[in-house]
Amino acid sequence: MKYTHVAGEKSTVKLTITFSEEEWQDAVNESYKRTRGKYSVPGFRKGKVPKPVLENYYGKGVLYEEAFNILYNNHYSAILEKEKDNFTAVGEPSLEVEDMTEGKGVVLSAVVPVKPEVIIDAYTGLKIKQFEYNVSNADVEKEANKILESGAENVEVTSRACKLGDTVNIDFSGSVAGEKFPGGTADDYNLELGSGSFIPGFEDGVVGMKVDETKDIKVKFPDDYQAENLRGKEAVFEIKLHKITEKKLPALTDEYVKAHSGSATVAEYKKTVRERLERNAENRGRDETENSIIGEICKHAKCEIPEAMIESEIDRMVQDFNYRLMYQGLKLNDYLKYMELTMEQFRSQFKEQAEPRVLSQLVIDQIVRTEGIKADQKEIDAKIEEQAKSVGKTLAEYKKSINPKQIDYITNDIIITKMFDLLKSKNEMYTENGSKPAAKKTAAKAASEKSEKPAEKPAAKKPATAKKPAAKKE
């Protein structure tokens, strides 16, 4: 077997693979062994037809398709491995038979979508926004009071109109241009006002209604709404309010805190709450800053992304959506039926997001390669040791319990952290008010704290609750 490769259009590589006559005949013979049980010839038991008889009865080409598959499966992966420093396949190849001359073997071609070259005009010397979030006393009070929810009593209200924070029981019926649409009608629906469960304007329109009141609410579906047939359209919902319920919270006392948290006093509990909120604020600021950095650099990047990479990213996004539905006890097929969407229509909704996501990852990979950023064994061991300490184990003990995928995740986390530290130092970072960001711990330190809790893979974000069609886009 011999092969050549040349760069093709749209981030592809064309492999031309030549097999000798001997290799071809070996593949045909192997094809006969694998497939002969599928064919019947009068006078012979199934699977016992001699090869010459089989070829004479069905034609020589009867064994060729499987023979081509054998040659492909036996050699394609080995070629990719050998050429891994020259190109990386990112999708399945398009195969063709280029030549098949009797007695001279066969020539196959494979057009392979490959990881594209990224040209970045600039990734240093840029002016990039850095995000910072502070925690106020009001934030601490609001978060601390959430512990009271478990002791709350639901009390029916009849003497006033409903307000934000109340739960109302309503009937609603929506229509666009006078026509009702699927999923726009429900009876005895419990809605917490201010939860953001429904599209903008819906809950605000309910606020102020009284028990037994009927009202028409005019709203507009978002331009990015899940159901394409409703995007950007104005709708009218007829609302009938049956019941208003408000929560009566207990007092936040030392006794309550002792019974419902690991703290002994309200002051101690609020201190713990503040520390958690500050960690969350720091993580949020770091994540949004990193997105800001890559987003700005992507404006200076050029790349011809193969469709295979975009489709793979859509696959991941659809799978993530499916996991979130499963978390809520729903199935994707049922969701699609409810929303009256085909899988093709559903996938198309992710395409606009998929391409920039792929570009971002390609840009990150390119910068890492250009700067030669790596993680050495000491850094990896230090990160593993942090995780080991968090579960009360030694480094040696913990190493025995983790798998190669975890090591790869830790290694990649160190590399990405180093890259963002480098980019922050080589670009002009500014905050909302235009000033330079305050001196804080390095991203390496933040990443170290972030990785203290071991995991098989990055912890998945808690999925958003699936909404009815009148709800916001997920």
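Predicted model: local features only at pLDDT ≥ 70, side-chain atom pairs only at ≥ 80, totals over all residues.
I take helices (H or I, at least four residues) and strands (E, at least two) as DSSP runs, numbered from the N terminus. Residues are numbered from 1 along each chain as its sequence is written.

**Helix α10**

I looked up the end of α10 before the rest. Just after this helix, G372 has a positive phi of about 65 degrees. The helix itself covers residues 343–371, 29 residues in total. I find 41 Å from its first C-alpha to its last, close to the expected 42 Å. That expected span is 1.5 Å times one less than the number of residues. I then looked for a bend, the angle between axes fitted to the seven residues ending at a residue and the seven starting there. There is a kink of about 40 degrees at E352, shortly before the proline P356.

**D171**

I went to strand β8 (residues 167–176), where D171 sits. I call a residue buried under 20% relative accessible area, exposed over 50%, and partly exposed in between (1.4 Å probe, protein chains only). For a salt bridge I need a side-chain nitrogen of Lys or Arg within 4 Å of a carboxyl oxygen of Asp or Glu. For charge, Lys and Arg count as positive and Asp and Glu as negative; His and the chain ends are not counted. D171 is buried but has no salt bridge. The nearest side chain of opposite charge is K240, 7.4 Å away.

What does the D171 side chain meet in a polar contact of 2.7 Å? It is the side chain of H242. A polar contact is a pair of N or O atoms within 3.5 Å; within protein, one must be able to donate a hydrogen and the other to accept it, and residues adjacent in sequence count only if both atoms are side-chain atoms. I also listed contacts (heavy atoms within 4.5 Å). Beyond four places in sequence, D171 is in contact with residues including A186, D188, E238 and K240.

**S109**

S109 is in strand β4 (residues 106–113). I count S109 as buried because its relative accessible area is 3%. Its side chain has a polar contact of 3.4 Å with the side chain of E98. Among the contacts of S109 beyond four places in sequence are K14, T16, S94 and E96.

**Salt bridges**

I count 27 salt bridges by this rule.

- E30 and R34 have their closest N and O atoms 3.1 Å apart. Both lie in helix α1, four residues apart, about one turn of the helix. E30 is partly exposed at 28% relative accessibility, and R34 is partly exposed at 48%.
- R160 and D166 come to 2.8 Å between closest N and O atoms. R160 is partly exposed at 22%, whereas D166 is buried at 1%. R160 and D166 also belong to a salt-bridge network with E246 and K248.
- D413 and K383 meet at 3.3 Å, N to O. D413 lies in α13 (residues 404–426) and K383 in α11 (residues 377–390), so this pair ties together parts 30 residues apart in sequence. D413 is buried at 17%, and K383 is buried at 8%.

**F44**

Last, I checked F44, in the loop between α1 (21–35) and α2 (51–58). F44 is partly exposed because its relative accessibility is 36%. Not counting residues up to four places away in sequence, F44 touches V49, P50 and V53.

Conventions:
Heavy atoms only, no water.
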